[in-house]
Amino acid sequence: MKRGLLFGAAPLALLLAAPALAQSIAITHAKLVIGDGNGPIGDATVLIQGGKVVAAGASVVVPAGVRTIDAGGRWVTPGLVVAVTDLGLVDVGAVDDSNDSAADKSLFSAALDVSAAINPDDLPIQVSRAGGVTRAAVAPLGTTSIFGGQGAIIDLGADPDAVTVPRAFQYVELGETGARRAGGSRAATYAVLFNALAEAKELTLAPAGPRRDDVLLTRRDAAALVPVVTGKQPLYVHVERASDIRMVLSLKREFPLLQLVIVGAAEGWMVAGELAKSGVPVLATPLTDLPNSFEQLGSTQSNVGRMKAAGVKVSLGDFGDQPRYAPQYAGTLVGLAKVPGASGLTWGQAFAAISSGPAEALGMGDRFGSLRPGRAGDVVIWDGDPLEVSSGVVRVFIDGTEQPLTNHQTRLRDRYSNPGEGDLPKAYEW
Amino acid sequence: MNGRVKAPRLARGAALALVLTAIGGTGLAKDKKDDSPAVLAARDFDKNPYPSTYRAYPGVPTLIVGATVFDGEGGRIEKGQVLIRDGKIAAVAGPLADMDLPADVVRIDGTGKFVTPGIIDIHSHLGVYPSPSVEANSDGNEATAPTTPDVWAEHSVWPQDPGFSRAMANGGITTLEILPGSANLIGGRSVVLKNVYSRTVQGMKFPGAPYGLKMACGENPKRVYGSKGRMPSTRMGNFAVDRATWIKAREYRAKRDAGKLETRDLAMETLAGVLDGTILVQNHCYRADEMALVLDMAKEFGYHVSAFHHAVEAYKIGDLLKASDTCAAIWSDWWGFKMEAYDGIPENAGLLYKAGSCVVIHSDDENGIQRLNQEAAKAQGDARRIGIDIPDAQVIKWLTFNGAKAIGIDKFTGSLTPGKMGDVVLWNGNPLSVYSRPEKVWVDGALLFDSSNRKRRAVSDFELGQPGEGDVK
């Protein structure tokens, strides 16, 4: 059913090929962050073999013959995981022809498969990689419907195989944006949603058979929602308002198999108890603290900290077009903890909120996002505390393969480090 | 500053002359010159018709001791003493200096903490694009004509924007310049505000601050008007419209100076103010080549560009900016969102600093304004990685003195110089760390934010009775 939707799917073998090229390496004398919520371990080692983490900690023995990189006491962490970005879909946001993030003239919505549009060579991927981002969840497409299509999980390696998991989740707008698209009211949003899920359910009964003659969805859109309604594909729901979050949680009564993930959740702190009880993961926009719309009147930077304290599975996500800002936002939440009356995160929680946390929300916690054994060899070496704004990335590995960190920006930097013209115009300096 | 000439005396014309002409129907009034003081006064329009009513709130004499002090002009004092008194910076000194202290002085232990001047954002749209950002509140671009020098941002500012409080609590912002947007080549007058809530915008206006003129080059004006099928639709169209407007402004000013104006013209009054040097040009411009052209246009017509805003390519022309004494107001590393931002690099500020040109870190954003200190620290780190070491105290200057200079208020605020306004932030750690926050903020010596006192946290009218009223933000 998932095969041959609107766009062709990449062959599975290709998707799994990347680790074959990976080397075995050990990074020693590291201030090592596992990404599991704990702080750093001093003078530790991470050992990667066959592209995967084999061991990480203070007493790791490096087998003979394994290439060793001495971190010299520098911070070493898992690569950053950024959930819900437009990475790979956009060269330049305001240049429409280079921007595949909107499909608002498409006849399809839920059927749209983001993975077909991913460009592993685009500059935002290169710049984000140089900022330590190694994995991302890409979604949604701006459509005319409440459904934003099927998101993809990608790695940011400098190779053609960006897509780790295509059609990893479906995305739906159920707040103000959803209301606007559904016809102008949240009441319309839910009518559209329930109808769509019902049409998908009907398809599960007779996948190839004739459909009722009053269906609203195209067959492809309805088919794309079958894995959602059967619980095989997570449904990412963007909502901000407390009452919208409650409404989303109540969807499980009608559709018990739904695997929900909530995105945004500016007023999540107001329903933190219910969220915690539901076990639904939340990808919260990190620093929203203004009543930018009427669905986020209760915004506060303490949102994430309060949800965390209440036991919500919360991590950071959904912060637009600059994924390399993830550590800055996480670090800001650590600083917030010092403000009287505010709720922030510990350092370990904050780093987990941009690594293992989003990976787990994506259902990928056993694949990447931390340096626990068995996870992908996605490792970043930093020149300082990775959450500190003045720190930078020194080296990046994805699936154990060292990544190039040069790009358009670094080339411009090098060309203009001495801005004056020499014997020839600048254009000859390259 | 910058050798700008003072405004020559004045414009005449005004409504009175128009009325006379209309009644007489002979054009007689035009030629008859009556320079008697009474007539001059009658013709002289009010150049400050919406005057500031801001008054400093009461403060107590306050001495901060033991903190690391960044004075805003590149100076750093370990375990310094900062005395705020009568709303002013009274003294700044090292730990051993004898201070002349009033009996009722409040002493604050700043050990392990940091003091800076109040942070200044010279590019904000708070109030004109407030929260909630709904259409009804969207008052930042008069996008109905490519040049609108006649509009004034202060007539759009909503003083109840919740954003002002976040800017102070999280960003230590005490002064900000509110600009019209960049849809237009000439967007209108800016207004400089103290970051102090008031019932009226006049109650926020920074006393004595000059006006600015927002100009824009590049993509925005040509897109907005080109898409309406009118000029400009190209960059050359941008310049043609600008130049035609400056030609008119020069003619107007000459007529004004000759006492030959017959009527007031709001647009021309503002442009003449720029030519006089009393209104400072704040020019949105991304690309290096366009900035170089704008500098020549400024020479052509006899004005000065105070700062290029969003100057993501400024690093390519640091020498030109230095020579023209024009600041580059920039983000640290925001990049790539539009074509003219494609060549942005995180080392922009560092390379400009190395070239000796004036760096200002700005926000253009209701969230970014809460973290200008972090943005500056990012730029510092990126500079360090290419071998440009910039002391913390110099980086703080990008957020304080340089901004004050760019908007013409450096004699009032922007550094901890005795006699300047008591605009001060006490940070709970080095402001160039992501982990640090303002602990206390004084504006003109009045304590208007205190992280340990809920009631010293401003709540705008809009947020009363709403979820999270008075919450930490």
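# Reading a predicted two-chain model

User: Which strands form the open sheet of chain A, and in what order?

Analyst: The open sheet of chain A has 8 strands in the order β6-β7-β8-β9-β10-β11-β12-β13, with mixed pairing. Strands (E, at least two residues) and helices (H or I, at least four) are DSSP runs, numbered from the N terminus. Two strands pair if DSSP finds at least two bridges between them. The model is predicted: local features need pLDDT of at least 70 and side-chain atom pairs count only at pLDDT 80 or more, while totals for chains, interfaces and linings use all residues. Residues are numbered from 1 along each chain as its sequence is written, and chains are lettered from A and ligands numbered from 1 in the order in which they are written.

User: Which strands stand at the edges?

Analyst: β6 (80-85) and β13 (314-316) of chain A do; each has a single partner strand, so one side of each is left without a neighbour in the sheet.

User: In which sense do β10 and β11 of chain A pair?

Analyst: β10 (residues 235-239) and β11 (residues 260-264) of chain A pair in the parallel sense over 5 bridges. A:Val239 has A:Gly264 in β11(A) as its bridge partner.

User: How are two packed helices described?

Analyst: By the angle between their axes and the distance between the axes. Axes are lines fitted to C-alpha atoms, for helices over the stretch in contact, and angles run from 0 to 180 degrees between N-to-C directions. In chain B, α6 (residues 235-257) and α8 (residues 288-301) pack at an angle of about 20°, with their axes 11 Å apart. That makes α6(B) roughly parallel to α8(B) (angles under 35 degrees).

User: Which residues of α6(B) and α8(B) make the contact?

Analyst: Residues are in contact if their C-beta atoms, placed from the backbone, lie within 7 Å. From α6(B) come B:Arg235, B:Phe239, B:Asp242, B:Arg243, B:Trp246 and B:Arg250, and from α8(B) B:Glu290, B:Leu293, B:Met297 and B:Phe301. They divide into 5 nonpolar, no polar and 5 charged. Nonpolar covers Ala, Val, Leu, Ile, Met, Phe, Trp, Tyr, Cys and Pro; charged covers Asp, Glu, Lys and Arg; the others, Gly among them, are polar.

User: How many residues does each chain give to the contact between chains?

Analyst: Chain A gives 44 residues and chain B 48 residues. On the side of chain A that touches chain B, the largest share, 5 residues, comes from α10(A).

User: Is B:Ala97 buried or exposed?

Analyst: B:Ala97 is exposed, because 11 other C-beta atoms lie within 10 Å; exposed means 12 or fewer, buried 20 or more, and partly exposed in between. B:Ala97 sits in the loop between β3 (88-93) and β4 (106-109) of chain B.

Note on methods. Two residues are in contact if their C-beta atoms, placed from the backbone, lie within 7 Å. Angles under 35 degrees count as roughly parallel, over 145 as roughly antiparallel, 65 to 115 as roughly perpendicular and the rest as oblique.
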